[in-house]
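Please look at the sequence and the structure first.

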Amino acid sequence: MSITAAIVLAAGDGTRMKSSTPKVLHSIAGKTFLQRVMLAVTATKPQSVAVVVRNQAERVSQAALSYVSDAVIVHQDEIPGTGRAVQCAIEELKKRGELHGTVLVTAGDMPMLDGDTLTDLVRVHEDSSSVATILSCKLDNPFGYGRIIRDSAGGFVRIVEQKDGTDSELAVNEVNTSVYAFDADVLAKSIEKLNSENSQGEFYLTDALANAREIGKVGIVTVSNPLRVEGVNDRVQLAKLAKAYNQEICEHWMREGVTIMDPETTWIEDDVRIEADAVILPGSYLQGQTCIASDAVIGPDTTLINAVIERGAKVERSRVESTHIGEEANIGPWTYLRPGNELGKGTKAGAFVEMKKAIIDEGTKVPHLSYVGDAHIAHHTNIGGGTITANYDGVHKHHTEIGANVHIGAGNMFVAPVTVGDNVTTGSGSVVRHDVPADSMVYSENSQHVVENWKPAWERDAQ
């Protein structure tokens with residue numbers, strides 16, 4: 001293939017999304033629509049990728065450059081329409097060099113578009129010697145889409161937009177997907193003739209196909225899976241498409257040997273990796289760069305974000321962010337692991353435990369109702385319920401170091417910075433403010449006082 005450029009149309013307002021976020025920057029499975037489309041077009045290896053922007057141009061431009069660092073950003077002027085967008089792109093690309101070969105044009109709001117679909121389009125286009133080729137699909141309900149009108153021999157005649165079509169034309173169920181392959185020279189000539197003589201007063205890119213037909217053959221490639229080219233115009237369409245895409249992801253992992261008990265309530269983003277024999281229970285949401293090893297059990301009702309879960313670990317009803325959980329570790333229920341934790345083999349973070357930047361060595365257990373932040377706890381230590389590392393002095397965060405084989409009593413508080421040596425035992429309710437040497441016991445004096453026949457002030461006043 002000889003693709004001189006790929007043009008991504010990302011200038012639209014997306015008003016039906018009713019959002020302060022540009023439509024192309026909404027996401028499915030962890031990637032924006034624009035990112036997905038740009039990944040698809042770059043799979044065809046174009047010499048350059050041009051992204052046409054207008055609505056919130058700076059924000060969309062920054063996103064596009066984060067996806068493809070050498071993308072050509074094209075600013076569409078106030079003249080409306082996809083045809084005008086391509087005119088602006090061709091003008092900018094010509095300034096950067098000659099345009100020969102194939103130009104790929106696609107909308108930026110088709111999040112399930114993939115490189116295979118585009119590669120097939122370009123191959124058919126070039127093999128058939130067409131001057132332009134349209135990617136079409138057939139829909140049971142084509143309302144809102146431009147209809148592809150063919151002649152009696154099945155050849156392309158024109159594309160009719162929803163608001164411009166007659167009843168017989170609108171009865172056609174083959175629709176335009178807004179994805180095209182053009183001969184570069186033909187595209188440049190065809191868009192020069194565009195006008196705004198239509199109900200919308202816009203420069204339609206589809207009119208360029210009628211102009212191209214005067215030069216040579218315009219081909220049509222019909223995609224077999226309409227989801228690959230389905231656009232998103234509002235939140236209802238977004239939800240339906242996200243669900244359909246997630247079903248594909250779940251089916252992929254199940255075929256790879258992963259047990260997913262309920263795909264309807266399990267959501268898995270693109271970049272998640274799961275080994276065979278892992279088990280995903282209902283209500284789980286796996287995000288970012290999460291990696292799950294074999295024999296791990298995730299869920300129910302668990303969110304993992306950029307987490308690494310080693311073999312045989314269990315995470316139940318918890319939220320885990322940017323944390324490494326070792327083999328056979330046991331997390332939850334109702335545990336919140338904030339970013340930066342390292343939990344070793346056989347560790348435990350039990351019910352209602354919160355951790356942040358904690359290093360928990362092999363065999364150590366933090367059973368329940370505790371907070372461990374900015375701390376290292378060495379191997380085979382047991383932390384009593386209700387224990388807190390008080391790491392913040394109002395200005396700075398401080399570190400707590402607890403040694404190996406330590407037995408921490410219930411309700412302890414460690415006021416950082418503080419170090420506790422190996423083989424230490426602490427009494428219940430202790431407040432540890434100073435370093436504790438190894439092989440010792442520490443407790444805080446806390447006298448108990450009883451006031452008999454006591455009543456609260458409001459009861460005393462009432463008498």
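## Salt bridges

The whole structure holds 21 salt bridges, each being a side-chain nitrogen of Lys or Arg within 4 Å of a carboxyl oxygen of Asp or Glu. Side chains of opposite charge can pair when their charged atoms come close. The model is predicted: local features need pLDDT of at least 70 and side-chain atom pairs pLDDT 80 or more, while totals for chains, interfaces and linings use all residues. Residues are numbered from 1 along each chain as its sequence is written, and side-chain values use heavy atoms, with hydrogens and water left out.

## A network around K31

K31, R36, D270 and D271 are joined in a network of salt bridges. Between K31 and D271, the closest N and O atoms are 2.9 Å apart. K31 lies in strand β3 and D271 in the loop between β13 and β14, so this pair ties together parts that are 240 residues apart in sequence. Strands (E, at least two residues) and helices (H or I, at least four) are DSSP runs, numbered from the N terminus.

K31 is buried, with a relative accessible area of 10%, whereas D271 is partly exposed at 30%. Buried means under 20% relative accessible area, exposed over 50%, and partly exposed in between (1.4 Å probe, protein chains only).

## A second pair

D295 forms a salt bridge with R311, and their closest N and O atoms are 2.9 Å apart. D295 is in the loop between β17 (291-292) and β18 (297-298), and R311 is in the loop between β20 (308-309) and β21 (314-315), 16 residues apart. D295 is partly exposed, with 36% relative accessibility, and R311 is partly exposed at 43%.

## An annotated site

In an unreviewed UniProt entry, the annotation "binding site" covers N391, Y392 and S428. UniProt positions follow the numbering used here, feature names are shortened, and annotations may be inferred rather than shown by experiment.

N391 lies in the loop between β32 (388-390) and β33 (400-402). N391 is buried, with a relative accessible area of 6%. Leaving out residues up to four places away in sequence, N391 touches several residues, including K356, Y371 and D374; contact means heavy atoms within 4.5 Å.

## The whole chain

The protein chain has nine helices and 39 strands. Its C-alpha trace spans about 100 × 60 × 45 Å along its principal axes. Of the 463 residues in the protein chain, 49% are buried.
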